[in-house]
Amino acid sequence: MIQSTKTRVFGCASALALLVAAPALAQTAEPASSQTGQVDDIVVTASRVVRDGFQAPTPTTVVTAESLALQAPLNVADALNQLPALRPTLSPSATTSLSSHGGNYLDLRGLGATRTLVLVDRKRYVNSQVMGGVDIGQIPQALIAGVDVVTGGASAAWGSDAVAGVVNLRFDHSLEGFKGSIQGGISGEKDRENYLGSVAFGHRFLNDRAHVLLAGEISENNGIEHLSDRDWGKGYAVISNPAYTPQNDEPQNLFVSNARYANMSPGGVINSGPLRGTQFGPNGAPYAFQYGDLASSSTMVGGSGSDYGSYIPLEPWMARKSVYGRLAYDVTPSITAYAEASHAEFQYDSGSGNTVSSFTIRRDNAFLPSNIGAAMDANGISTFSMGRTFHEQYPKLQNDITAQTDRFVVGADGDLPGSWSWSAYATYGEAENDQQFSNNRLTARFTQAVDAIIDPASGNAICRSATARADGCVAFNPFGDNSVSDEAYAWVFGSGSRTYSTSQKAASFSINGEPISTWAGPVSLATGVEWRREEAGATSSERAINREFASYNTAPWNGVVEVKEVFAETVVPLAADQAWARSLDLNLAGRVTDYSTSGRVTTWKAGLTWELNDDILFRTTQSRDIRAPSLEELFGAPTNLYATVLDSKLAQSYSTQTLTAGNADLVPEEADTFTGGVVYRPSFAPGLKLSVDYYSIELTNAIMTFNAATIVDRCNRIGQLCEQLDRDPTTDLITYIRNTPQNLQSLETSGVDFEAAYDMPLFGGDLGLRSLISYVDKTTIDDGEAVTELAGASLQISTSGLGGVPNWRYNSSAVFKKGPATLGVTWRYIGGANVNNAYTSKNLNILEHEGQSIVDLSGSWDLQVDGRELELFGRVGNLFDEDPPLTGVSTYGTTRSLYEVIGRTFTAGMRFRF
């Protein structure tokens with residue numbers, strides 16, 4: 001590994017000394033001043049049991065509204081994803097994959113967003129996409145009073161998907177008056193202009209028996225069009241090494257700068273036969289194609305070919321808006337009924353280049369330059385292969401997404417005699433994701449149109465196929481810049497659509513109380529039943545159904561899962577006010593879940609908290625957790641896309657089709673989770689809190705889909721997964737790669753979380769120091785044939801959300817408040833890593849890289865204007881404009897799911913409350 005022991009020790013020591021920005025340490029839920037980012041007493045999400053003074057055995061980090069505000073995030077997920085336990089796997093700047101549909105999701109432990117359960121006010125939220133997960137951007141930020149992050153299995157308490165943990169967003173239901181904010185931002189490169197406006201209103205009426213809560217939000221981000229708009233994204237890519245042989249010392253692949261295609265250019269280039277290396281300029285004029293260094297059949301360094309970075313967006317344009325309303329009414333002094341309604345809408349535009357790496361030109365092609373025809377005759381050839389990019393002349397392949405989510409909740413809470421209370425609610429939610437794509441190449445039409453001949457009767461260029469001509473085929477001139485007529489382009493490139501939809505109906509009833517007491521105090525109990533019905537599906541335009549496009553083809557599908565559950569949780573005090581224990585509590589939970597697709601499964605949890613004295617608390621849990629397969633994983637119809645793969649067998653990089661589909665035979669994943677740790681609050685240093693927690697998650701029947709690059713790499717390197725790809729029997733090129741989810745043997749991860757907090761008076765003000773440190777010791781995938789270690793590597797995420805995880809990640813800061821002024825500085829560190837733990841010097845020329853160290857600066861000034869609270873604030877993110885490390889990942893330059901890629905950012909705005 002990159003980091004030396006000295007570096008690791010220094011990093012831990014400095015982080016613990018300097019200590020975090022975002023989260024306050026709140027496992028013990030102690031009252032504290034909100035000025036330094038801590039929280040008042042709350043009931044944490046680690047448990048359903050409501051019991052004063054209960055301290056959850058599962059580690060829980062609480063992020064306060066003040067901490068979130070300090071970071072001035074455009075999307076609250078941007079702030080939460082800075083926590084070391086989270087990773088921005090699916091966020092607009094982390095991936096161009098349509099699996100995220102432009103949203104912003106939370107991923108605990110790097111196990112994938114679908115293994116993190118997101119709750120809103122301790123209730124399930126409708127999934128934003130058919131593969132599962134909740135887009136956090138649809139939640140109005142002005143309402144969020146805090147966020148609980150449970151970093152351990154919690155399926156027994158909250159149900160499926162809580163394998164890595166739970167994130168609960170808590171709304172401020174007691175709001176009185178108006179509050180809100182408006183802000184704008186831009187990057188240091190003068191792109192990514194953005195704004196956010198968020199407002200909330202609360203008011204009690206009808207003699208304080210009724211309370212109304214309203215909120216709305218609007219935001220827009222202009223994004224960053226190309227990777228090449230950043231220095232680290234200008235042509236860095238992995239290419240084949242033409243000098244490699246198994247016997248010499250050369251690596252098989254090279255990570256280089258200024259990577260270019262050796263088989264495609266804006267005007268087209270001949271790639272076969274004696275005329276190879278002839279390219280075409282304006283009006284089809286042929287001239288020599290300049291091959292760069294290390295040229296292979298498809299890649300090179302420098303030269304005339306099209307560059308890599310110009311095809312890939314860094315961050316898309318996006319806009320979102322949301323509204324929320326809640327009405328609560330005290331029916332009796334002991335019963336409160338409520339109703340909620342919300343609507344969120346999201347728009348996202350993404351584009352990529354239109355490329356064709358190989359198509360055939362015949363001697364009698366109508367547009368063939370005469371001197372090229374003469375050269376073909378002189379060399380005795382009748383055809384040649386050609387490659388071209390088309391995005392220079394026409395708009396990019398465009399995908400415009402509009403996503404909408406509607407959710408309704410009705411419920412009631414009440415008190416019963418004694419210590420008992422009850423809660424009941426029903427929800428209905430639906431999400432629709434509509435994708436309108438344009439400038440998408442029609443595969444068969446392109447082949448027909450580019451095969452043009454001269455019509456003997458008219459002397460005009462026509463399509464060779466009479467059948468195609470009868471259908472309206474227009475001859476397509478591929479030679480040279482701006483060679484394609486509007487009519488031909490309209491024939492070859494088309495538009496289509498596909499729509500994904502999900503819906504959720506759910507109901508729950510629970511009761512809490514203290515049925516008995518032991519010698520150490522009352523026993524707390526929570527029990528209840530839940531039901532939900534989830535449905536998802538996809539519809540497509542006719543051409544997409546018939547797979548006529550080069551990409552975005554989707555067949556219609558639909559699937560339904562019904563779930564019935566019963567659960568119980570109890571806290572049993574075993575000791576209190578003893579010489580050896582201030583308190584000792586046993587926490588037990590169990591849940592029986594019945595799925596209409598895969599049958600019954602049981603989850604459970606056993607935890608123990610031992611508060612030795614005022615200074616020291618020990619805690620431990622063991623749990624069985626589950627994740628049920630998503631509806632797309634179960635029922636998804638075949639969908640094809642194109643992916644660029646590095647085929648080491650042929651020493652070529654080229655584009656091939658991938659085919660994804662569901663698997664109805666999938667069963668739920670099962671995880672055995674252990675956590676154990678200690679909280680230390682030394683009495684000799686009031687305000688100081690320290691904790692360390694070990695975790696281990698062993699997941700069996702893990703549902704995973706390997707990405708195309710992984711399938712090709714493992715087939716070529718170790719002979720595995722070869723059944724998931726097809727090769728052309730003549731050329732040996734890969735023609736299809738099938739990505740089908742499977743229940744693999746196991747997935748394991750383990751590590752240690754460190755937390756620290758220290759609050760003290762300083763220079764007449766208050767200083768709050770915070771730190772979170774995460775060390776990942778192991779993250780392995782065992783599919784029964786090979787064990788892949790992901791910890792300490794920086795692999796880009798796979799389709800299932802798994803990928804490289806650096807061993808170390810820190811988030812530390814100091815916040816100083818005096819009078820109306822607040823100043824905060826944050827240090828974030830994402831560790832260095834190996835490119836791939838399985839690589840040797842024969843695989844790649846670089847094997848490891850450094851980490852990324854980021855400093856953020858923020859400040860605010862409180863004002864009082866006519867009795868109204870106003871706050872001016874500003875933030876500089878990535879103050880020193882630190883680039884991400886070059887990680888040798890495909891064509892991205894860096895691993896976008898791990899490292900900060902935007903660069904320096906500036907944000908300023910105003911908050912108000914009255």
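Leaving aside its neighbours within four places in sequence, with which residues is leucine 169 in contact? In this predicted model, leucine 169 is in contact with Val118, Leu119, Val120, Asp121, Ile136, Ile139, Ile144, Gly146 and Val147, once those sequence neighbours are set aside.

**Nonpolar cores**
- The largest nonpolar core has 57 residues, and those that touch the most other members are Leu68, Leu80, Leu106, Ile144, Val147, Leu169 and Ile737.
- Another core, of 27 residues, lies apart from it and includes Phe359, Ile372, Cys463 and Val484.

**Largest cavity**
- The largest cavity holds about 740 Å³ of space.
- Its lining consists of 46 residues, of which Asp78, Gln82, Arg192, Glu900 and Ile902 are the closest to the centre.
- Among the elements that give two or more residues to this lining are helix H3 (76-80), strand S6 (177-187) and strand S47 (905-913).
- By class, the lining of the largest cavity comprises 16 nonpolar, 19 polar and 11 charged residues.

**Second largest cavity**
- About 380 Å³ of space lies in the second largest cavity.
- This cavity is lined by 32 residues, and the closest to its centre are Arg124, Asn127, Gly132, Asp161 and Glu534.
- Two or more lining residues come from each of strand S2 (116-120), strand S25 (493-518), strand S26 (521-540) and strand S28 (557-576).
- Strand S26 gives the largest share of this lining, four residues.
- The lining of the second largest cavity divides into 15 nonpolar, 11 polar and six charged residues.

Methods
Residues numbered from 1 in each chain as written. Predicted model: local features only at pLDDT ≥ 70, side-chain atom pairs only at ≥ 80, totals over all residues. Heavy atoms only, no water. 1 Å grid on protein atoms, 1.4 Å probe; cavity = no way out; pocket = protein on both sides within 12 Å on 5 of 7 lines; lining within 4 Å. Points joined across faces, edges and corners; volume = space filled by probe spheres on them. Nonpolar A, V, L, I, M, F, W, Y, C, P; charged D, E, K, R; others polar. Core = buried A, V, L, I, M, F, W, Y, C linked by side-chain atoms within 4.5 Å. Buried < 20%, exposed > 50% of the residue type's maximum accessible area, 1.4 Å probe, protein only. Contact = heavy atoms within 4.5 Å.
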